[in-house]
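Work through the exercises below with the coordinates open. Each task is followed by a solution in steps.

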Amino acid sequence: MVSRDEVLTLEELAAYLKVSETTAYSLVRSGDIPGRKVGREWRFLRERVENWLMQAGTENDMEKSGGMNGLVQRDEWGGEFTVENGQEKVALWLPMTLEDKNAQIEKAQREGVNVSDVVAAYLREWVKS
């Protein structure tokens, strides 16, 4: 029988969650999974991981994270966004080629201005045409 106070390593956590070690590490680094660094290694109490699993997707978890943390979601207008650490990140699909994008970044660097401002001006011109 497995003890709920068992301590797991990162590798054991990944196996327990049936995910890659990279995915487990990302969850740990984001603060989603409760753990503690002991020296240079991460350790996790199985009971706390089980509690985290049971709370995933509950209203309390959704409120705390501001949505389904890390998952791409659609808003009421069909726009895509994710929520990371309580902040909404909006996906913006720009009508430009990779070459156009690189040209806008270079222009912003040359002029010493914010890339967003240069891209916004580019989009205003694009809408007019």
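The exercises cover a helix pair, a sheet, a helix on that sheet and a single residue.

The model is predicted, so local features need pLDDT of at least 70 and side-chain atom pairs count only at pLDDT 80 or more, while totals for chains, interfaces and linings use all residues. Residues are numbered from 1 along each chain as its sequence is written, and side-chain values use heavy atoms, with hydrogens and water left out.

**Exercise 1.** Determine how the axes of helix α1 and helix α2 cross, and list the residues in contact.

Solution. Helices (H or I, at least four residues) and strands (E, at least two) are DSSP runs, numbered from the N terminus. Axes are lines fitted to C-alpha atoms, for helices over the stretch in contact, and angles run from 0 to 180 degrees between N-to-C directions.

1. The axes of α1 (residues 10-17) and α2 (residues 21-29) come within 9 Å, crossing at roughly 105°.
2. α1 is therefore roughly perpendicular to α2 (65 to 115 degrees; under 35 is roughly parallel, over 145 roughly antiparallel, the rest oblique).
3. Contact means heavy atoms within 4.5 Å. On α1 the contact residues are Leu10, Glu11, Leu13 and Ala14; on α2 they are Glu21, Ala24, Tyr25 and Val28.

**Exercise 2.** Give the strand order of the sheet and name its edge strands.

Solution. Two strands pair if DSSP finds at least two bridges between them.

1. The order is β1-β3-β2 in an open sheet of 3 strands, with antiparallel pairing.
2. β1 (7-9) and β2 (36-38) are the edge strands, each pairing on one side only.
3. Neighbouring strands are turned by 40° against each other on average, direction ignored.
4. β2 and β3 (residues 41-45) are joined by 3 bridges; Arg36 has Arg43 in β3 as its bridge partner.

**Exercise 3.** Is Gln104 buried or exposed, and which residues does Gln104 touch?

Solution. 

1. Gln104 is found in helix α5 (residues 98-111).
2. With a relative accessible area of 12%, Gln104 is buried.
3. Not counting residues up to four places away in sequence, Gln104 touches Met96, Val118, Val119 and Tyr122.

Notes: Buried means under 20% relative accessible area, exposed over 50%, partly exposed in between (1.4 Å probe, protein chains only).
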